[in-house]
Amino acid sequence: MYKVLLVDDEPYAIEGLQLLINWEKYGFEIRGVCANGEEAIRMMEQDQPDLVVTDIRMPVMNGLELVEEARRLEHESVLFVITSGYSDFNYARQAIRLGVSNYLTKPVDSTEAEDMLVRLRMQLQERENQERIREQANEQRIKAFLSALIKDKQNISEQEMSEILPRLNKSHWAYLRIAFQGDIQEVCSVAEQTAEETTCCYVIDRTRDSLGLVWGRKRMIGMRHLKQLKLLPSV
């Protein structure tokens, strides 16, 4: 479920959003309600929502100020929906300039709101897919980097060092080369699962009958430490 925060100083408006829209049907869950932007910022710090639905006119901190403050605090991944009356169209234009592309007029129409939730869910899903692709690509780069270090290759660029080393904040590393017979797929599956469940652990250089397992313990890392990887006997 994607997390939703509702922000409005009018209790009946909050109640309307809760009752008129079938949030769960579209994969959303209301995790909190706030009466102004200042409260919303505090709640966003505690439990970062995926979606914030906020009124524009509120005391203490209005909806536009909330969006600006959230961006200043680097809540870049949060999607915002602005709700307000027709008379506040100028505010809506300001919201668009702040990067808010979703706007609902009051009183909120449930059909319009649910159509918007479909679009927002697709946007969030696409963002998650892109993030998974980036994570997989980054992991492949790290594996190739570790493999090159173990083989003592000298063609690792300074750029690779500066990009990858900060992600590997480990100083004590171990490398285990595993040779096996029998059910290769089962062994690989166990090794991959172990790597996924262990912080900074990678399966590298997988061949038809062996694979390498690299893992590190958390401390500051430098090139000197990585060059001191210990090669353990095959098992």
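Visitor: Leaving aside neighbours within four places in sequence, which residues is glutamate 114 in contact with?

Guide: Glutamate 114 is in contact with Leu20, Ile21, Asn22 and Tyr26 once those neighbours are set aside; contact means heavy atoms within 4.5 Å. Please note that this is a predicted model, in which local features need pLDDT of at least 70 and side-chain atom pairs count only at pLDDT 80 or more, whereas totals for chains, interfaces and linings use all residues. Residues are numbered from 1 along each chain as its sequence is written, and side-chain values use heavy atoms, with hydrogens and water left out.

Visitor: Where does glutamate 114 lie?

Guide: Glutamate 114 belongs to helix H5, residues 110-150. Helices (H or I, at least four residues) and strands (E, at least two) are DSSP runs, numbered from the N terminus. The chain has eight helices and nine strands.

Visitor: Why is glutamate 114 said to have no salt bridge?

Guide: A salt bridge requires a side-chain nitrogen of Lys or Arg within 4 Å of a carboxyl oxygen of Asp or Glu. For glutamate 114, the nearest side chain of opposite charge, lysine 25, is 5.1 Å away; Lys and Arg count as positive and Asp and Glu as negative, while His and the chain ends are not counted.

Visitor: What makes glutamate 10 and lysine 106 a salt bridge?

Guide: Their closest N and O atoms are 3.7 Å apart, and the limit is the one just given, so the pair qualifies. The pair links distant parts of the chain, 96 residues apart: glutamate 10 is in the loop between strand E1 (2-7) and helix H1 (11-20), and lysine 106 is in the loop between strand E5 (102-105) and H5. Asp8, Glu10, Asp55 and Lys106 are linked in a network of salt bridges. A search of the whole structure finds eight salt bridges.

Visitor: Why is glutamate 10 called partly exposed?

Guide: Buried means under 20% relative accessible area, exposed over 50%, and partly exposed in between (1.4 Å probe, protein chains only). Glutamate 10 has 28% relative accessibility, and therefore counts as partly exposed. Lysine 106, with a relative accessible area of 22%, is also partly exposed.

Visitor: How do you know that arginine 72 is exposed?

Guide: Its relative accessible area is 57%, so arginine 72 is placed in the exposed class. Arginine 72 also forms a salt bridge with glutamate 69, with the closest N and O atoms 2.6 Å apart. The two residues are three apart in helix H3, and are therefore separated by about one helical turn.

Visitor: Which residues of helix H3 are buried?

Guide: In helix H3 (residues 63-72), the buried residues are Gly63, Leu64, Leu66, Val67 and Ala70. Viewed down the axis of H3, these buried residues fall within an arc of 160°, so they line one face of the helix; the arc is that of the directions from the helix axis to the C-beta atoms.

Visitor: What makes asparagine 62 a cap of H3?

Guide: A side-chain oxygen of asparagine 62 lies 3.0 Å from the backbone nitrogen of leucine 64, at the N-terminal end of H3. A polar contact is a pair of N or O atoms within 3.5 Å; within protein, one must be able to donate a hydrogen and the other to accept it, and residues adjacent in sequence count only if both atoms are side-chain atoms.
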